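Hi there,

Here is the structure I promised to pass on to you. Have a look at it first, and then read my notes below.

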Amino acid sequence: MLNTTENMPLLSAYIRKSVLDAVYNAASGHPGGSLGIVELLTALYFKEMKVDPKNPSDPNRDRFVLSKGHCSPALYGVLAERGFFPKADVKNFRKIDSYLQGHPSMRHVPGVDMSTGSLGQGVCAANGMALAAKLDKKDYRVYSILGDGELQEGQVWEAAMFAPQYKLDNLCIIVDNNGLQIDGDVSNVMNVCSIPDKFRAFNWNVIEINGHDFNEISAAFDSARACKGKPTAIIAKTSKGKGISFMENIAGWHGMAPKQSEYEQATEEINTEITRLGGAV
Amino acid sequence: MGDIQTKATRLAYGEALVEFGTNENIIVMDCDLSKSTMTTLFSKKYPDRFINTGIAEANMMSTAAGLASCGKTVFASTFAMFAAGRAYEQVRNSICYPKLNVKVAATHAGISVGEDGASHQMIEDIALMSVIPNMRVVSPADAVETRLAIKAAIDIEGPFYIRLGRLPFPIINDENYQFELGKGVTLRNGKDVTIIATGYMVSEALKAADELKGQGIDARVINIHTIKPIDEEIIIKAAKETGGIVTAEEHNVIGGLGSAVAQVTARYAPAKMAFVGIQDIFGKSGKPAELFEEYGLTSKDITFAAKGLLK
């Protein structure tokens, strides 16, 4: 774990910039959901998780699975910021000669623990990793971020039954509860209703937080680590598109790349934020 | 017929897991079918390394991937319908795309499932699994071959699909048999016509060769236990050296062994071919022996097809 006096908001701003650059240069990708999980990923990779960019295959490392794999720009942004690969490579996202695949690929990208993209599968893989730790009597932890729309996939509930059955208290999932999916509000498309109640009914330890507040995120991870015998589900209220004014809370920015004028406006907003936080543009 | 030994390949599988699954890193998973898939034998010997997901096949495949990413060798078992059918995409995206060390060992393949009927008679699994990159597809002919195939799957890293049956199959290999992944086995030499078979149909192919011999036709019989990677050399030789090839499988004639063999001959040595298998229709309930008759999966059907090639 790193020095916890890292300027987390500033790191988040740098990562948001990477997300924007990646998607704009590719003219393809998923900015909305990616921007919404930046604080969560920053907290995971810069404070919570035991990882070493010089040793990405360390068998005793903590693992992370981006079950909502389409938010790869955010994952690549935080991995680059953390030093798993050069930041300069991020702008080659999705290009044919780049290793940065559109959805996370463990065989292509250093620091990616599981290939994802097809919703529902990542959280099950995370269960497998947590189970492996229990079988090997190792104390590494496993984290996974899911979308709230993703909860519509039945396989997620198979995982939700499995983790408490196998007492995977080394597993902590986070639901990115932004309320939106491609076709509109989750509650209108296919209401997943009370997410905390669902996970409590499946016998998980449930914590509800503001997914952009570092104090709440940190307290939730502490609580998850302290909980014995049950896995933890952190339900994080977030804004899709967070950090770019014209993208916030708009379903349309799920999978659309910004045009040049939008990119320039967004860059200016992020640069302003970076400067405000004492960073370098 | 009375003194032919038979043994179910799923039983050989369960026993092989116990025999070869001693390494602490081998994990066996099942979806509430372990008394049928015979993973129950492993679960009794090594309960800590047996994981039951309940009736959740998609979960099993993706969870297996997660275990494999942490250094485990995972056998994931259920019926072929659910392994290759229901959880196809999890096998494809969670296991094969990242090339993880998971062996999908699926039982109750084919029409010999019998009375359960069409919903359980998986006749498309060879096609579905063969068409995924990084996947190896093995269809053992008998219990002897199954035991060695399981050992090979443990020794060789990466994704496998192993197709096992429900019924006892005749044992056609002796204790000296050596299994080599990707290498077909010439069981009988012959120069008039070739019968290439897989799984249960290998024993029917041998019976057909006897029937043909009685009619003055010298048939070569080849067991292709590895559909992918397929033994091109043995197929090309047969195509060049005999008058035609009959393929025989307990599977749809579309997309399985027949198609795989035809792709080799079409490319390298065009040959006259006939395809014995399920003629692209769903199965139904019945006794397996009756179903084989009705669906054209007997030695008589192979003999008929072989003679048709030589007209």
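Strand 4 (residues 73-79) and strand 5 (residues 102-107) of chain B run parallel and are joined by six bridges. Here, helices (H or I, at least four residues) and strands (E, at least two) are DSSP runs, numbered from the N terminus. Two strands count as paired if DSSP finds at least two bridges between them. To find your way in, look for B:Thr78, which stands opposite B:Ala106 in strand 5 of chain B.

Before going on, please keep in mind that this is a predicted model, where local features need pLDDT of at least 70, side-chain atom pairs count only at pLDDT 80 or more, and totals for chains, interfaces and linings use all residues. Residues are numbered from 1 along each chain as its sequence is written, chains are lettered from A and ligands numbered from 1 in the order in which they are written, and side-chain values use heavy atoms, with hydrogens and water left out.

Now back to the sheet. Seven strands of chain B form an open sheet in the order 3-2-4-5-7-6-12, with mixed pairing. Why is one side of strand 3 and of strand 12 of chain B left without a neighbour in the sheet? Strand 3 (50-52) and strand 12 (226-228) stand at the edges, each with a single partner strand, so one side of each has no neighbour there. On average, neighbouring strands of this sheet are turned by 20° against each other, direction ignored. Helix 4 (residues 57-69) of chain B packs on the sheet and touches strand 2 (26-30), strand 4 and strand 5 of chain B; contact means heavy atoms within 4.5 Å. The direction of helix 4 makes about 170° with that of strand 4 of chain B. For such angles, axes are lines fitted to C-alpha atoms, for helices over the stretch in contact, and angles run from 0 to 180 degrees between N-to-C directions.

**A five-stranded sheet in chain B**

Another open sheet of chain B has five strands in the order 9-11-10-13-14, again with mixed pairing. Its edge strands are strand 9 (185-188) and strand 14 (273-278), each pairing on one side only. Strand 13 (residues 245-252) runs parallel to strand 14 of chain B, and five bridges join them.

**Where the chains meet**

How many residues of chain A are in contact with chain B? There are 26, and they touch 27 residues of chain B. Together the chains bury about 1,900 Å², 58% of it on carbon and sulfur atoms; buried area is the accessible area (1.4 Å probe) that two parts lose on being put together, summed over both. In chain A, A:Gln121, A:Leu135 and A:Glu158 lose the most area to chain B, together 24% of what that side buries.

One salt bridge is found across this interface, where a salt bridge is a side-chain nitrogen of Lys or Arg within 4 Å of a carboxyl oxygen of Asp or Glu. The side chains of B:Lys72 and A:Asp136 meet in a salt bridge (2.5 Å, N to O). Helix 5 (121-136) and helix 6 (154-165) of chain A each supply at least two residues of the side that touches chain B. Helix 5 of chain A gives the most, with ten residues.

Enjoy exploring!
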